[in-house]
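Please look through the following structure with attention to its backbone geometry, its aromatic rings and the surroundings of its ligand.

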Amino acid sequence: MIHESVMESAAVGTGLAPRHILHADLDAFYAAVEQLDNPELRGKPVLVGGRPEDRGVVATASYEARRFGVHSAMPMRSAVRRCPQGVIVRPRFDRYREVSDRVMEIFHDLTGLVEPLSLDEAYLDITDLVLEGSPPLRLALDLKRRVKEETGLTLSVGAATSKSVAKIASDLNKPDGLVVVLPGEEAAFLAPLLVARIWGIGPKTAERLRAEGIESIGQLASQPVEWFTQRFGQRAASVRDKALGQDREPVHTERVTKSVSAETTFANDLGDPAKLHPELAGLAGRVARHLEHKGLRGRTVTVKARLADFTTFTRQATLPAATAAESAIRDTAWRLLSLELQPGRTFRLLGVGVSSFVEGGAAPQLQLPLFEGETAVGDSAGN
Ligand code: TTP
Ligand code: MG
């Protein structure tokens with residue numbers, strides 16, 4: 001069954017052309033996958049999570065179990081008390097990842113502008129498709145149908161002119177929900193809903209607002225600008241925009257690789273150049289292969305070093321031209337490291353990285369930190 005609530009349009013000009021965003025979120029994701037893979041569980045209350053005797057918690061519960069008041073993050077012991085007939089299933093994260101990959105592929109077939117938020121939910125910017133003549137309702141229905149046909153799972157979708165409103169809309173008629181909020185109807189759509197539905201208004205803030213007599217988003221939205229500044233400080237504009245349904249936050253697509261690096265910690269600290277050089281060369285080789293694989297070339301080579309006393313530092317050099325060549329990376333890294341070699345100085349860890357990737361000939365201006373929290377060859381990513 002598809003729940004639909006399409007609001008009539010009365011487009012109010014904001015001066016900016018409206019964007020069209022979908023928020024898509026699978027229903028009772030882990031539990032739905034378990035019911036999909038094991039037909040015996042279908043129609044039954046399923047509790048996915050750790051065992052009650054191990055102080056486990058509920059990751060998620062099927063909608064059959066939610067009727068008994070079971071929800072995510074609840075201790076499994078309490079869940080079993082509320083829903084004794086519930087079938088406890090241990091999570092199988094690899095399987096959820098596999099299904100998630102498939103669903104994200106379906107999202108990507110619709111548009112490249114996909115921002116995944118977790119394994120089972122994403123924002124999609126469908127503005128261009130709408131401008132080409134496909135209404136949001138049509139696109140949302142197609143997406144739901146494809147996910148159902150190709151994975152067997154039900155998807156709830158919200159369509160609106162902003163991420164914030166789309167996310168609230170997708171949650172409103174779960175499971176198998178579809179709510180479209182047309183341009184100009186955002187504030188009216190939000191007005192009767194509770195303030196806690198706004199992303200960023202947690203239970204404590206909601207409680208504080210209630211103490212001031214503000215329970216609905218409409219009541220919140222009607223407060224003067226100064227009131228928002230007093231209550232929310234730096235977040236004032238963002239909270240007010242969300243209350244009015246005028247959030248302009250863009251859909252952040254795939255994270256861009258800003259650096260590629262590799263590092264290694266030695267079993268025994270090394271100080272001998274004859275031993276350090278092959279280690280560094282090995283790291284340069286790993287970075288070069290990773291760059292090649294990704295089709296990237298960079299101008300900045302960075303060496304990271306940690307000494308026996310845990311002092312950690314990095315040294316960088318910028319090359320005249322971008323490279324992915326193992327020899328250039330190795331030789332530059334070695335030049336940097338050799339300046340740091342001293343009799344008696346030993347190293348616990350070495351790393352090599354390449355950044356300042358060149359696209360179409362121009363080197364990016366930005367210099368980003370390398371190696372944050374990395375253990376092996378990895379990408380540093382940012383938006
Ligand atoms: P959600 O999308 O929040 O929940 P859901 O898909 O189970 O149910 P629905 O969207 O219909 O309300 O989270 C997706 C998955 O993430 C969920 O199936 C299990 C996992 N998860 C946890 O492990 N712990 C949590 O506290 C939450 C909220 C989710
Ligand atoms: Mg979900």
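P175 is found in the loop that runs between α7 (163–172) and β9 (177–180), where helices (H or I, at least four residues) and strands (E, at least two) are DSSP runs numbered from the N terminus. The peptide bond that joins K174 to P175 is cis, with an omega of about -10°. A73, in the loop between α2 and α3 (76–82), has a positive phi of about 75° although it is not a glycine. As background to both, most residues other than glycine have a negative phi, and most peptide bonds are trans.

This is a predicted model, in which local features need pLDDT of at least 70 and side-chain atom pairs count only at pLDDT 80 or more, while totals for chains, interfaces and linings use all residues. Residues are numbered from 1 along each chain as its sequence is written, chains are lettered from A and ligands numbered from 1 in the order in which they are written, and side-chain values use heavy atoms, with hydrogens and water left out.

The structure holds eight aromatic pairs, counted when the ring centres of Phe, Tyr or Trp (its six-membered ring) lie within 6.5 Å, with planes under 30 degrees apart called stacked, over 60 edge-to-face and the rest tilted. One of them, formed by Y30 and F93, is edge-to-face, at 5.9 Å centre to centre and 80° between the planes. This pair links distant parts of the chain, since Y30 belongs to helix α1 and F93 to helix α4 (residues 93–110), 63 residues apart.

Turning to the ligand, 14 residues surround ligand 1, the closest being A28, T60, Y63, R66 and D120, where a residue is near if one of its heavy atoms lies within 4 Å. β2 (21–26), α1 (29–37), β4 (58–61) and α2 (63–66) each supply at least two residues of this shell. An N or O atom in the side chain of T60 is 2.5 Å from an oxygen atom of ligand 1, and a polar side-chain atom of D120 lies 2.9 Å from an oxygen atom of ligand 1.

Technical notes
A polar contact is a pair of N or O atoms within 3.5 Å; within protein, one must be able to donate a hydrogen and the other to accept it, and residues adjacent in sequence count only if both atoms are side-chain atoms.
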